[in-house]
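Hi everyone, thanks for coming. Please have the sequence and the 3D view open while I talk, and we'll walk through a few features together.

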Amino acid sequence: MKHLTRLLGAAAIAAGSLGSAPAFAEGGTLVIGSTQVPRHLNGAVQSGIATAVPSTQIFASPLRYDENWEPQPYLAESWDVSDDGLSVTLNLVQNATFHDGEPITSEDVAFSIMTTKENHPFQSMFAPVDTIETPDEHTVVIRLSQPHPALLLALSPALAPVLPKHIFDDGQDVKSHPANSEPVGSGPFMLEEFTAGEAIILKKNPDFFIDGRPKLDEIIINMVKDPSSLLISMENGDVDMYPFMAGSQEILRLEKADHIEITDEGYAAVGPINWLAFNTKSEKLSDVRVRQAIAYATDREFITNALHRGVSTQQRGPIIESSPFFDDTIEAYDVDLDKANALMAEAGFGDGMELTIDFIPGTKEQQQSVAEYLKSQLKKIGIDLTVRSAPDFPTWAGRVSGHEFELTMDVVFNWGDPVVGVHRTYLCSNIREGVIWSNTQSYCNEEVDEILNAAAIEQDPDKRKELYSRFQHIIAQDVPIYFINATPYHTAYDNRLMNPPKGIWGTMHPLDRLEWSE
């Protein structure tokens, strides 16, 4: 199968023409099917699922996390946070090498963190990192301008790949560096082949610094544009794993297959929220009463139960409901059409208004279907809604990041800690035209800024939770966004696979423990 897959690529997988992966007790090949298409494989300068899944196999990171949100050793065998929270010391393992044989030193880790700080879309992730000291080859001292309780999580695989300084520090722009598509890392798997838009072939790293790992010989990620074809390939056994599956049809259908297991575990740190965003600078939507009216008119329960066939869970606020920081006392905006109509009248739109809604192309059930539902639902409060499609993702992203929209459906991830994935949407300083998944709502509230900035440095967990509760109540009142549901990501996998990726990062985490049963 291995050689056939290399020869035929994603097209053959999509057509369901290959046999299933051999069930070896040791070694063997894992075929992952994905609808995600990465531009390159360097997670230090690119966020998102498409890059993170292969990047976390190729690159190791300072820490990794278990299913209980506890940091575990990886390239750092131990670490220490100072009492004042202003420095973190990493003690690196001494037997780790890059795939080209060069040893990993403290200089590589320092270079990688600073490179990520300067180039990654998540500006808040390493913003407090001031300087990094490297007193010897295996000690890294991160100096912070302020306490940063999210730092340890930010040092995990999906967010902090350790790059080889001897390759990337050559004067070229790291965002367009040729090594992004031909990466040399120190993770459990090495890149053998990357055919853009088709397949990524990863082979076992024989010199991986963790003894006895990885268990597999090879991972093949086949990119299949058509989810229906990928569904058939899973049913036929041509694909062994389908992560980040969100369609209710796929989930409910694959649950019936005897050889397949389905789980919604593995997405706790992702925190994917499907929402309706408002351009608060729009003349029609600048009045909070209009935004509140739309919230009261929208039936979240209908969307999750009817449109999503019960596979989605409702989401009421900016912090994913599975997070310990979520506050369930915030205003939920349960359906109340009388209140919605009254608010429209108070805002001076008793005779109605016209609005346009955009949506991310390609994910119909979570995006287009909800937009079309809103078109009919908002008529009940006098809003004539036009659903505007985009021919591709870049077109949609250009409209939204350029603030050239009124309403848009969107999916945004929490990325573990609110500092990493939540703050970016609400800080006044992150209104950055041309940058998607920044504060594209143009929402600015100085009190929110003060609360988030305080929460970012608060080391006491209880006090942090209090700050985030205040934040959530203000957002519920201001309604820059109406929160609909947690995106129902599931992973389907061959039931012969042992140690499937059910941790907080799922497949955006090293798959070095994954193996085939007898």
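Let's begin with a question: how do the residues of the lining of the second largest pocket divide into nonpolar, polar and charged? Keep in mind that we are looking at a predicted model. The lining has 16 nonpolar residues, five polar ones and five charged ones.

Let's stay with that pocket for a moment. Its volume is about 720 Å³, and 26 residues line it. If you want to find its centre on your screen, look for Pro149, Phe325, Asp417, Pro461 and Arg464, which lie nearest to it. Two elements give two or more residues to this lining: helix 4 (151-154) and helix 16 (461-478). Helix 16 provides the largest share, with four residues.

Now for the nonpolar cores. The largest one has 78 residues, and Ile142, Leu155 and Trp505 are those with the most contacts inside it. Leaving aside residues up to four places away in sequence, Ile142 touches Leu86, Ser87, Val88, Leu90, Ile113, Val129, Thr131, Leu151 and Leu155. There is also a second, separate core of 32 residues, including Val290, Ala293, Met353 and Ile357.

On to charges. How many salt bridges does the structure hold? The count is 12, and I'd like to show you three of them.

In one, the side chains of Asp512 and Arg213 meet, at 3.2 Å from N to O. This pair links distant parts of the chain, 299 residues apart. Asp512 sits in the loop between strand 20 (497-498) and strand 21 (515-516), while Arg213 sits in the loop between strand 9 (199-204) and strand 10 (218-223). Is Asp512 buried or exposed? Asp512 counts as buried because its relative accessibility is 0%. Arg213, at 27%, is partly exposed.

Next, Glu406 forms a salt bridge with Lys284, and their closest N and O atoms are 3.7 Å apart. Here too the partners come from distant parts of the chain, 122 residues apart. Glu406 has a relative accessibility of 19%, and the cut-off for buried is under 20%, so Glu406 counts as buried. Lys284, at 28%, is partly exposed.

My last pair is Arg316 and Glu321, whose side chains meet at 2.9 Å, N to O. Arg316 is partly exposed at 26%, and Glu321 is partly exposed at 25%.

One more thing to look for: salt bridges that share partners join Arg64, Arg213 and Asp512 into one network.

Key
Residues are numbered from 1 along each chain as its sequence is written. This is a predicted model: local features need pLDDT of at least 70, side-chain atom pairs count only at pLDDT 80 or more; totals for chains, interfaces and linings use all residues. Side-chain values use heavy atoms; hydrogens and water are left out. On a 1 Å grid over the protein atoms alone, a cavity is a set of points where a 1.4 Å probe fits but cannot get out, and a pocket is an open set with protein on both sides within 12 Å along at least five of seven lines; lining residues have an atom within 4 Å of a point. Grid points are joined across faces, edges and corners, and a volume is the space filled by probe spheres set on the points. Ala, Val, Leu, Ile, Met, Phe, Trp, Tyr, Cys and Pro count as nonpolar, Asp, Glu, Lys and Arg as charged, and the others, Gly among them, as polar. A nonpolar core is a set of buried Ala, Val, Leu, Ile, Met, Phe, Trp, Tyr and Cys residues joined through side-chain atoms within 4.5 Å. Buried means under 20% relative accessible area, exposed over 50%, partly exposed in between (1.4 Å probe, protein chains only). Contact means heavy atoms within 4.5 Å. A salt bridge is a side-chain nitrogen of Lys or Arg within 4 Å of a carboxyl oxygen of Asp or Glu.
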